[in-house]
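Please keep the structure open while going through the numbered points.

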Amino acid sequence: MTTVDTTAESGGGDGERDPETLLGGLAHRLGRGFGTVLNEGRENLARTHDEPALSEPVLAAALLKLTNAHSDGTGLTRAHDALTACWDEHPEVVRVLLHRPVTFLDRLPELLAGTGPSAPAAAPALGDGEGWRVFAACADLLWDYLNRDTPHTRKHRHLAPLAARTRFLALSEPFRHPDDQVWSDLRATTGALYRIFGHGTWPEPARRAQEARETWRNHLNGHQSIPLFDHAPPTAVEDEVRSLALVPATGFSGDPLVLAAPSAPGSAGDERTVRERARAVPPAERALLEEVVEQHLLPRFATGRVWAIALGLRRTHPPAGQAVVFAMVAVCAAGALACTVWALFDQDMPLTIGLGLAAATYVLIGAGTLWFGRLWAMPLMLRLPAAAAVGLIVLVALHPDWWTNIRPGPDLSTLLALLGGVSFGYLLIEARNHNSGQFPQRLRAAAGPLARITGRALSVTLTGLVHASLVALLGMAVIAPVFSEEGPRLTTAWTGEEQGAGQETGEPAPETADTPEPTEDTAAPPQEPPRQPGEPWAILAAATFWCLAAGVFSQILWDDQPITAPLAHRRWRNER
């Protein structure tokens with residue numbers, strides 16, 4: 001008898017299976033994400049009923065009828081009726097399927113081997129495809145069972161999100177293994193996919209997988225309304241959205257999950273069809289990736305995972321053109337910052353090179369967004385430079401005293417530390433609030449999640465700092481001299497040349513006939529000395545950190561969207 005862990009569903013056989021196989025990958029996904037908390041919150045007495053429920057002879061007999069019906073293609077309706085009758089008579093079996101799907105999957109070979117008096121003493125060895133077929137058929141039938149309006153099903157209806165999750169993961173698993181034997185069997189008009197819902201019903205599994213994903217996506221988008229999922233750690237949602245939209249069991253840079261049928265069974269010379277369809281992401285899957293990034297990853301400040309999806313380095317056909325434009329943007333931004341620092345400390349280096357590269361950075365970003373779409377631009381977090389521009393407006397409108405009096409020293413260091421510190425602190429709090437879920441109570445166990453959230457907030461802060469420096473550079477060197485009071489004086493900070501020196505140090509203006517003769521009693525009014533700009537790098541540093549703080553705290557102007565939300569107004573979704 002298999003030893004069953006009744007305290008944690010994720011411990012059921014996940015470490016013993018290969019995620020690259022059909023059943024191994026299914027067990028891996030069932031035990032990750034929300035699978036770690038499916039069995040939490042249950043009373044101990046209810047858990048003690050799980051093992052007797054899995055030992056029910058009527059369950060083994062019903063499952064054997066189901067697998068026999070799949071083998072000969074007949075009697076599927078009678079097998080379904082036998083299984084639903086078992087669930088009506090033994091509701092604890094339904095609870096096991098909902099709360100402990102990995103345990104049920106691990107016990108499936110034993111159940112099909114026959115444990116009841118009406119079952120044969122032995123059954124054929126359970127292959128990977130056959131095991132998936134029985135489990136997927138049970139998950140699909142369980143979803144249909146919970147949606148019936150009967151006295152037996154009403155007691156389980158509040159657990160429908162759990163059934164929706166299991167059904168989607170089960171039906172979508174073959175599409176994550178394009179080289180599995182089930183696809184070769186399908187082309188030969190046989191096998192698990194060909195007979196799971198009756199003889200010759202191949203398109204139906206793909207259709208039901210698409211329907212299951214849409215149903216589970218709706219539950220996932222409102223997961224905070226489901227009390228059971230509130231027990232999950234913050235990263236559980238990210239594991240679920242990876243399974244929802246991507247093929248790999250780990251990482252976010254792999255192929256998108258395409259729930260589409262390959263070419264018609266029996267077509268010759270089309271072995272590459274399943275792989276080749278990953279070359280161009282279909283519109284439906286691209287829209288799902290955009291939703292995953294916008295609704296789940298960016299609000300949680302998961303910038304590394306957003307970059308992984310945008311770059312897609314582990315895809316069968318990586319989007320090389322998009323990566324090239326990303327690289328060009330990075331080179332221009334780094335070049336702009338490097339050339340600016342060089343020009344600030346070396347008068348022989350003109351600032352115009354840094355200004356040109358800064359402008360080229362945003363020209364490339366605009367071109368890339370127009371060409372590749374909004375998903376490409378999401379990891380760049382364009383809401384940050386847009387909000388930083390609000391801070392720049394304030395700087396331009398301020399009296400020139402701020403840039404004439406600024407000098408390196410303790411006051412400047414305190415200013416930069418204060419603006420940078422409050423910006424990072426605010427983003428850190430926002431990152432924790434958006435990473436909803438339960439942390440471990442012990443500090444040592446919570447150190448890992450806390451460090452992850454701190455790193456995420458720091459990555460957003462650094463991204464905002466780069467945007468703020470480019471916005472401040474363009475604003476203070478190009479815009480402020482035109483619109484600011486005594487703007488020409490500010491220009492001298494960047495060029496190193498005095499403006500209007502002829503009027504200040506040259507010959508006095510010639511007298512005219514209308515010029516009155518000065519009298520001895522008339523005293524010339526005191527003249528304010530011409531303003532001289534402060535240290536150029538100090539002006540730019542103060543402007544950069546001010547734009548960063550203004551960009552972070554001005555997000556109140558963007559309704560209730562997080563700072564990492566894409567540069568767009570609210571999306572029209574069915575939200576409450």
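1. Before the helix content of any stretch is quoted, a definition is needed: helices, H or I in the DSSP assignment, are runs of at least four residues, while strands, marked E, are runs of at least two. Please also keep in mind that this is a predicted model.

2. The UniProt annotation "transmembrane region", which comes from an unreviewed entry, covers residues 323-345, 351-373, 380-400, 412-429, 460-483 and 537-558. Over residues 323-345 the chain is 100% helix and 0% strand, with the end C-alpha atoms 33 Å apart.

3. Does the length of helix 18 agree or disagree with what its residue count predicts? Helix 18 (residues 320-345) has 26 residues, which at 1.5 Å a residue should span 38 Å, and because its end C-alpha atoms are 38 Å apart, the two values agree.

4. How many disulfides does a search of the whole structure find? The search finds 0 disulfides. A disulfide is a covalent bond between the sulfur atoms of two cysteines. For Cys 138 the reason can be followed directly, because the closest cysteine sulfur, in Cys 86, is 9.7 Å from its own sulfur, too far for a bond, when the cut-off is 2.5 Å. Cys 138 itself counts as buried, at 3% relative accessibility.

5. A search of the whole structure finds 9 aromatic pairs. In one of them, the rings of Phe 104 and Phe 135 have their centres 6.0 Å apart and their planes at 40°, so the pair is described as tilted. This pair links distant parts of the chain, since Phe 104 lies in helix 7 (residues 101-113) and Phe 135 in helix 8 (residues 128-146), 31 residues apart. Phe 104 counts as buried at 2% relative accessibility, and Phe 135 counts as buried at 3%.

6. Trp 216 and Phe 229 form an aromatic pair that is edge-to-face, with 6.0 Å from centre to centre and 85° between the planes. This pair too links distant parts of the chain: Trp 216 is in helix 13 (residues 203-221), whereas Phe 229 is in the loop between helix 13 and helix 14 (236-245), 13 residues apart. Both Trp 216 and Phe 229 are buried.

7. Is His 467 buried or exposed? His 467, which lies in helix 24 (residues 443-483), counts as buried because its relative accessibility is 8%. Leaving aside residues up to four places away in sequence, His 467 touches Tyr 362, Leu 380, Met 381, Leu 382, Leu 384 and Pro 385.

8. Asp 81 lies in helix 5 (residues 76-89) and is partly exposed, with a relative accessible area of 46%. Asp 81 and Leu 141 are 60 residues apart in sequence, while their C-alpha atoms are 10.0 Å apart in space.

Technical notes. Residues are numbered from 1 along each chain as its sequence is written. This is a predicted model: local features need pLDDT of at least 70, side-chain atom pairs count only at pLDDT 80 or more; totals for chains, interfaces and linings use all residues. Side-chain values use heavy atoms; hydrogens and water are left out. Buried means under 20% relative accessible area, exposed over 50%, partly exposed in between (1.4 Å probe, protein chains only). Contact means heavy atoms within 4.5 Å. UniProt positions are given in the numbering used here, feature names are shortened, and annotations may be inferred rather than shown by experiment. Rings of Phe, Tyr and Trp (its six-membered ring) pair if their centres lie within 6.5 Å; planes under 30 degrees apart count as stacked, over 60 as edge-to-face and the rest as tilted. The expected span of a helix is 1.5 Å times one less than its number of residues.
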